[in-house]
Amino acid sequence: GNTVKITVMPKGSGSENMSAVKMLKPSDGVEGIIDFVVRTVKKAGPNSCPPLYVGVGVGGTMEYAGMLAKKALLNKVIPALELKKLAKTDEKANLEFRILKEIQKIGIGTQGFGGKFTAFAVGVETYPCHIAALPVAVNLNCHAARHAEILLDENTIIPKNIEPEFKISFNERSINHFSYKKINLPFNKEELEGLNAGNRVLLSGEIYTARDAAHKKFNECLKKGEKLPFELKDQVIYYAGPCPATENEVIGPIGPTTSGRMDIYTPQLLSKGLKGMIGKGTRSSKVIDTIKQNKAIYFAVTGGAACLICQKIKSAELIAYPELGPEAVYKLKVEDFPVFVCVDSKGNDLYNVK
């Protein structure tokens, strides 16, 4: 025809990295499909910023099942009660409802802190396949689940500046509704050791960004006996890389990346005096032990809320590795930066509290 539909779905790797594909046996059937999807979500834990939209692709070939799973994330979200009614007469809706019901039993909950809403929707797309195969792919998307589409024809004029249909605002009343502890950086020893897993905290002061590439450079510096770009003692590292800032922003959207990827470097940095880390997702037992040994702390910040988070940053200075682009090291001045204590100085882990 004379139209082209373009669909865009920006998506973080916290959810994309936890996606999976498996070649099941045809005899595994529907029960095998459900089991694989549930195990994939369980393994993802908090890393994918739940509650999730879970896309499932069944059929085709290995690589096509992956495309189906991604496409399923663009399906219309059907509320659970409505889906339950449809499940009585519609085979695909029945599979979606059964998967959703089993996922909610896992108990991962919002942001991985426990609860009965681990997913807000499940989408399934299917395709014919060889009788000897049953490829199944699972593609996870975080709670933000952003997407947009446009239908182009010969009369379409794309505006230069597209205004979003929503306003970004930080609801101070919602913050005041909870009990937050205000902490000024650098840490006071008594204040830090008085924080417990689960505490809500508003941080003010200086923190530094560093993620995968910067941590690799830190490691190379320490191996050579060279100085790091900033003094580690009593500092806080935020696992994040900012988007480009617009002319009215101090810094662009700057959400957390998955902390577990930094685990290989973290014990060494803690032994050199690092006191705090901010990110999302679980940490290894080795990192938790080192946090406890060094009386340090690990915070989580809400994933998928990068536009809100950047409003709490009052200044940003690029201090090292500009060649790394968004993975360069920035010194940030933050004010009332909202975080949760995930691993406290005593080694208590919020993600493992039942």
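A: Start with exposure. Buried means under 20% relative accessible area, exposed means over 50%, and partly exposed lies in between. One caution: this is a predicted model.

Q: Is Lys-88 buried or exposed?
A: Lys-88 is exposed, because its relative accessibility is 72%. Lys-88 sits in the loop between helix H4 (80-86) and helix H5 (91-104).

Q: Which residues form the nonpolar patch on the surface?
A: Val-4, Ile-6, Val-8, Ile-150 and Ile-158. Together they have about 410 Å² of accessible area. Strand S1 (residues 4-8) gives the largest share, three residues. Val-4 is in strand S1. Its relative accessible area is 47%, so Val-4 is partly exposed.

Q: Now a residue in helix H5: is Phe-97 buried or exposed?
A: Phe-97 counts as buried, because its relative accessibility is 16%. Phe-97 lies in helix H5. Leaving out residues up to four places away in sequence, Phe-97 touches Ala-80, Leu-83, Lys-84 and Ala-87.

Q: What lets charged side chains pair?
A: Side chains of opposite charge can pair when their charged atoms come close. For a salt bridge, the cut-off is 4 Å between a side-chain nitrogen of Lys or Arg and a carboxyl oxygen of Asp or Glu. By this rule the model has 13 salt bridges.

Q: Which residue forms a salt bridge with Glu-327?
A: Arg-211, with the closest N and O atoms 3.8 Å apart. This pair links distant parts of the chain, 116 residues apart. Glu-327 is in the loop between strand S12 (313-320) and strand S13 (329-343). Arg-211 is in the loop between strand S8 (200-209) and helix H8 (212-224).

Q: Which residue pairs with Asp-212?
A: Arg-261 forms that salt bridge, with the closest N and O atoms 2.7 Å apart. Asp-212 lies in helix H8 and Arg-261 in the loop between strand S9 (236-238) and helix H9 (266-271), so the bridge ties together parts 49 residues apart in sequence. Asp-212 is partly exposed, at 25%. Arg-261 is partly exposed too, at 28%.

Q: What about Arg-283?
A: Arg-283 forms a salt bridge with Asp-263, and the closest N and O atoms are 2.7 Å apart. Arg-283 is buried, at 7% relative accessible area. Asp-263 is buried as well, at 14%.

Technical notes. Residues numbered from 1 in each chain as written. Predicted model: local features only at pLDDT ≥ 70, side-chain atom pairs only at ≥ 80, totals over all residues. Heavy atoms only, no water. Helix = DSSP H or I, 4+ residues; strand = E, 2+ residues; numbered from the N terminus. Buried < 20%, exposed > 50% of the residue type's maximum accessible area, 1.4 Å probe, protein only. Patch = residues over 30% accessible without salt bridge, like charges linked within 9 Å, V, L, I, M, F, W, Y side chains within 5 Å. Areas by Shrake-Rupley, 256 points an atom, 1.4 Å probe, with all protein chains shown as cover. Contact = heavy atoms within 4.5 Å.
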